[in-house]
Amino acid sequence: MKALITGATKGIGRAIAVKLWNEGYDLALVARSSDDLVLLQEEFAAPDRKILTYTVDCGVKEEVYQFLHQVKNEFGFIDVLVNNVGVFIPGSLLDEADETFEKQQDLNVNATYYISKFFGKEMRLKQQGHIFNICSVAGKSPVENGGSYSVTKAAMLSLNHVLRQELAPHNVKVTAFLPGATKTASWEGTRIPDEKFVQPADIAETLYTILNLSKGVNVDEVLITPLNF
């Protein structure tokens with residue numbers, strides 16, 4: 001089995017990569033930092049396993065499409081796609097620069113659109129596959145001081161629903177994760193104790209459980225939040 005994970009070197013993406021690698025998946029890992037990708041590749045290295053890395057700024061359409069054609073040629077069919085790449089830029093929607101929204105739109109929505117469309121066609125043709133979109137609780141209800149982020153995550157969730165609707169007749173599954181506060185790099189320096197957060201490993205374990213459910217079931221959404229944040 002083969003999986004492709006964007007934003008694979010940190011937080012949720014890294015946890016999913018670790019879990020799937022440990023469970024025997026070959027991996028294609030995508031991130032913006034080549035140094036972080038090298039370190040992760042070295043950590044996973046095994047003589048009889050395949051792991052490929054791609055340094056891509058997913059906010060740049062041309063880079064995304066160049067990578068997509070490259071990974072298709074080098075890695076072949078993707079059984080599992082995890083759209084994890086994204087960015088959160090805090091601020092008021094009314095007071096921010098246009099570029100603040102546009103950057104989040106490019107990473108949180110457009111990248112997911114391009115990548116899902118590309119591999120969704122492959123999965124439709126082969127009548128199998130599973131796409132996971134790492135959205136956010138902000139896609140359901142706007143978070144304070146995160147107006148543009150909330151807008152883009154709502155759009156990402158809507159994209160997830162459309163993908164599920166179009167791919168379900170072709171036996172392709174699509175699942176949205178909507179995490180609440182999760183202990184990733186964006187919380188670096190906080191004094192809030194770890195046990196108050198969702199852990200990236202929680203999401204990875206849940207994702208793997210979903211992958212092992214029966215063929216005829218689809219988990220539409222996973223809302224996973226801290227018990228008492």
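Helix 1 (residues 11-22) and helix 2 (residues 34-44) have axes that come within 11 Å and cross at roughly 20°. Helix 1 and helix 2 are therefore roughly parallel to each other, a label given to angles under 35 degrees. This is a predicted model, in which local features need pLDDT of at least 70, side-chain atom pairs count only at pLDDT 80 or more, and totals for chains, interfaces and linings use all residues. Residues are numbered from 1 along each chain as its sequence is written, and side-chain values use heavy atoms, with hydrogens and water left out.

**Helix 1 with helix 2**

- Helix 1 passes helix 2 in a right-handed crossing, meaning that the near helix is turned clockwise from the far one by less than a right angle.
- Arg14, Ala17, Val18 and Trp21 of helix 1 make the contact with Leu40, Glu43 and Phe44 of helix 2, where contact stands for heavy atoms within 4.5 Å.
- The residues of this contact divide into 5 nonpolar, no polar and 2 charged.
- In that grouping, Ala, Val, Leu, Ile, Met, Phe, Trp, Tyr, Cys and Pro count as nonpolar, Asp, Glu, Lys and Arg as charged, and the others, Gly among them, as polar.

**Helix 4 with helix 5**

- Helix 4 (residues 98-126) packs with helix 5 (residues 147-167) at an angle of about 10°, their axes 9 Å apart.
- That angle makes helix 4 roughly parallel to helix 5.
- Residues of helix 4 in the contact include Phe101, Gln104, Val109 and Tyr113, while those of helix 5 include Tyr149, Met156, Leu159 and Leu163.
- The residues of the contact of helix 4 with helix 5 divide into 10 nonpolar, 8 polar and 2 charged.

**Gln104, a residue of helix 4**

- Gln104 lies in helix 4 and counts as buried at 0% relative accessibility; buried means under 20% relative accessible area, with a 1.4 Å probe and protein chains only.
- Leaving aside neighbours within four places in sequence, Gln104 is in contact with Val87, Phe88, Ile89, Val109, Ser148, Tyr149 and Thr152.

**Asp26, a residue of strand 2**

- Asp26 is found in strand 2 (residues 26-31); strands here are DSSP runs of E with at least two residues, helices are runs of H or I with at least four, and both are numbered from the N terminus.
- Asp26 is buried, with a relative accessible area of 18%.
- The side chain of Asp26 reaches the backbone nitrogen of Lys50 at 3.1 Å.
- Not counting residues up to four places away in sequence, Asp26 touches Met1, Lys2, Ala3, Arg49, Lys50 and Phe75.

Terms used. Axes are lines fitted to C-alpha atoms, for helices over the stretch in contact, and angles run from 0 to 180 degrees between N-to-C directions. Angles under 35 degrees count as roughly parallel, over 145 as roughly antiparallel, 65 to 115 as roughly perpendicular and the rest as oblique. Buried means under 20% relative accessible area, exposed over 50%, partly exposed in between (1.4 Å probe, protein chains only). A polar contact is a pair of N or O atoms within 3.5 Å; within protein, one must be able to donate a hydrogen and the other to accept it, and residues adjacent in sequence count only if both atoms are side-chain atoms.
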